[in-house]
Amino acid sequence: MSDRGELGEVRAALVALPGVRDAAVHAARNPPGPWRIVAHVVTRLPLAELRAALRSRLPSHLVPSCLHPVPHIPLLPDGRADRQALAALTARQPQTAAAPAPREEAVRGEPGASPVDGITSVPVTAQQRALLARRGAGPCVQQLHWRWRGPLDTGRFTAAWQSVFDHETVLRAAFAWDAGPRLVLHDHARAEVVRHPAGAVDFDEFMERDRLRGFDLRSPGLLRLTLVDEPDPADGGPPSVRILLTFHPVLLDTWSVSVLLEEFYRSYLAGGRLPGGERRPDCRDHARWLAGQDTAPARHFWSSAAPAAGTLVRPAVQGPATGLTGAGRAEARLGAGPAGRLRSWAASWAATEAGVLQAVWALLLYRAGATAGPALVGFGVSVSGRGITLDSVERLPGLLANTLPMTVRVDPAAPVSRLLAELRDQSVEMAAYEWVSLSQIQQWAGRGADDELVDSLVVFEQQRHGSRALRAALAAQGISVGTPRTAGTYTAFPVTLLAHRDSDEGLVLAAVHDRARLADDDAARLVRQCARLLHALPGLAGGPLTVSDALAVLADEPPVRMARASAAVTATAAPT
């Protein structure tokens, strides 16, 4: 019978077809008959056309015996397709209503099946456990995209990624739910690489469809790549291919992906194969390090440092229900000149761009609180998680990036420089405990499971400095690759503020938001106010710059509104 890797191959072939929005594939049988592959497909294409397309792409034994059109793919909380709900949807289809439903049995890799030789498992981290249980706006995936200019051999590209999969344990990991979630490490996982010719798909539309596709967390290979050829340049320049890399953040962070990309480039340059075997350290070593930590000092620190009840955590005043669902993204940009002045101004106060961004967000939280005197504000900040004392941790692919709660006192009469200093000092103190999950901190602070510590997250995306030698070696083969940029719109918070420097040294801001909590217009207003403050701060002179002076920049701005959590309609269930 087909294993889960082959079933994943069938699903990948289906969703790669133009006109197919989503698909679920499983194996079933009517004993004592043989196993057969059953596919449920979200499409308006004629089934005969779909089957013909699959026959040209798959071995005959992997072409599904049954194809059922459905309006959507219902999911279970763990991210798997809900087969019972699919059967109910299928029963409503006239062409299949009379067919007896096959009795489904455990197949290789499913709960209850015999374990595959060589598979081991490790406990999930507290951070992974929280992410698996968290509800958010949209499927829980992250996407990076960039351009590859020059020759690209698809077979060599795929072989190079397969070699990376073979070397990196985390890329062969999946989740199992027995008494609780655990991370299962498989001997093999197939690298999914699909290439589309120029004009076959619209890149932006495909990127959204790929995001909505999500992942099956029980199948290894929670990273995939899509190549989309661009039309040949009119000036006769080198060919260009847009690359989309989609991954699940329960296993990897963007730092890890940059590590994997360097390995891929080395493999590609070597003809598609990396030397040696499995590389360590890996997720097993990280799990072992976490298990050896004494949580008492961390508990003591976070019990007092976490935002207390009454801390201002909402970046907007209370507003009506939005009536919207899903996730949105609003952007603003500071040009190279203003961004350069901001960096110089920050440096004059021994602060970084990230520190100034946090200070501006603290000002917006204070403004939304509509209070007159000093007040505590709280928001989440993203840390790399790679300051821990584990050998070669900077080269370890996994989920180490973390969200920590930042609490700071905002005094309208105090200078902004004091706010910057307090944020800097708080960051230094937090660094010793950046491995602690937000759910642990919430528990130690005596907060209930539904009593969120913060309502927003601030992320300054730091790029790892890639190897110049690798880029030079690629250039020697006529290849240049762009810097990967994030494109995903998943957020576990009502709003996440992302910031990064672009190739022109400008500062790009993006508010990724839950549209059930924050309407599109309000999100755009919020990110615009943030950009306006960042632009204005270096130019405010004439004595010590106070918090009140800075907030006066927004005196003519209407307040941003946010719906209460109880008024929001959650677009999706658990991360997929």
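## Cavities and salt bridges

User: Which element gives the largest share of the lining of the largest cavity?
Analyst: Keep in mind that this is a predicted model. The largest cavity holds about 120 Å³ of space, and two elements, β4 (120–123) and α8 (283–291), each supply at least two residues of its lining. With three residues, the largest share comes from α8.

User: And how does that lining divide into nonpolar, polar and charged residues?
Analyst: Among the lining residues are Val-122, Leu-183, Leu-251, His-286 and Gly-398. Sorted by class, the lining of the largest cavity comes out as eight nonpolar, four polar and no charged.

User: How many charged residues are in the lining of the second largest cavity?
Analyst: β1 (20–28), β8 (192–196) and α6 (203–213) each supply at least two lining residues here, and α6 gives the largest share, four residues. By class there are five nonpolar and one polar, and the charged residues number five.

User: What parts does the salt bridge between Arg-213 and Glu-192 tie together?
Analyst: The two side chains meet with N to O at 3.0 Å. Arg-213 lies in a helix and Glu-192 in a strand, so the pair ties together parts 21 residues apart in sequence: α6 and β8.

User: Is Glu-192 buried or exposed?
Analyst: Buried means under 20% relative accessible area. Glu-192 has 14% relative accessibility, so Glu-192 is buried.

User: Which residues are linked with Arg-501 in a network of salt bridges?
Analyst: Start with the pair Glu-505 and Arg-501, whose closest N and O atoms are 3.3 Å apart. Glu-505 is partly exposed at 36%, and Arg-501 is partly exposed at 35%. The network links Arg-501 with Arg-343, Glu-353 and Glu-505.

User: Which helix do Arg-525 and Asp-522 lie in?
Analyst: They form a salt bridge, with the closest N and O atoms 2.7 Å apart, and both are buried. Three residues, about one turn, separate them in helix α15.

User: How far is the backbone nitrogen of Gly-355 from a polar atom of the side chain of Thr-352?
Analyst: Thr-352 is found in the loop between α10 (336–348) and α11 (353–369). From a polar atom of the Thr-352 side chain to the backbone nitrogen of Gly-355, the distance is 3.0 Å.

How values were computed: Residues numbered from 1 in each chain as written. Predicted model: local features only at pLDDT ≥ 70, side-chain atom pairs only at ≥ 80, totals over all residues. Heavy atoms only, no water. 1 Å grid on protein atoms, 1.4 Å probe; cavity = no way out; pocket = protein on both sides within 12 Å on 5 of 7 lines; lining within 4 Å. Points joined across faces, edges and corners; volume = space filled by probe spheres on them. Nonpolar A, V, L, I, M, F, W, Y, C, P; charged D, E, K, R; others polar. Polar contact = N/O pair within 3.5 Å; in protein donor to acceptor, adjacent residues only side chain to side chain. Salt bridge = Lys/Arg side-chain N within 4 Å of Asp/Glu carboxyl O. Buried < 20%, exposed > 50% of the residue type's maximum accessible area, 1.4 Å probe, protein only.
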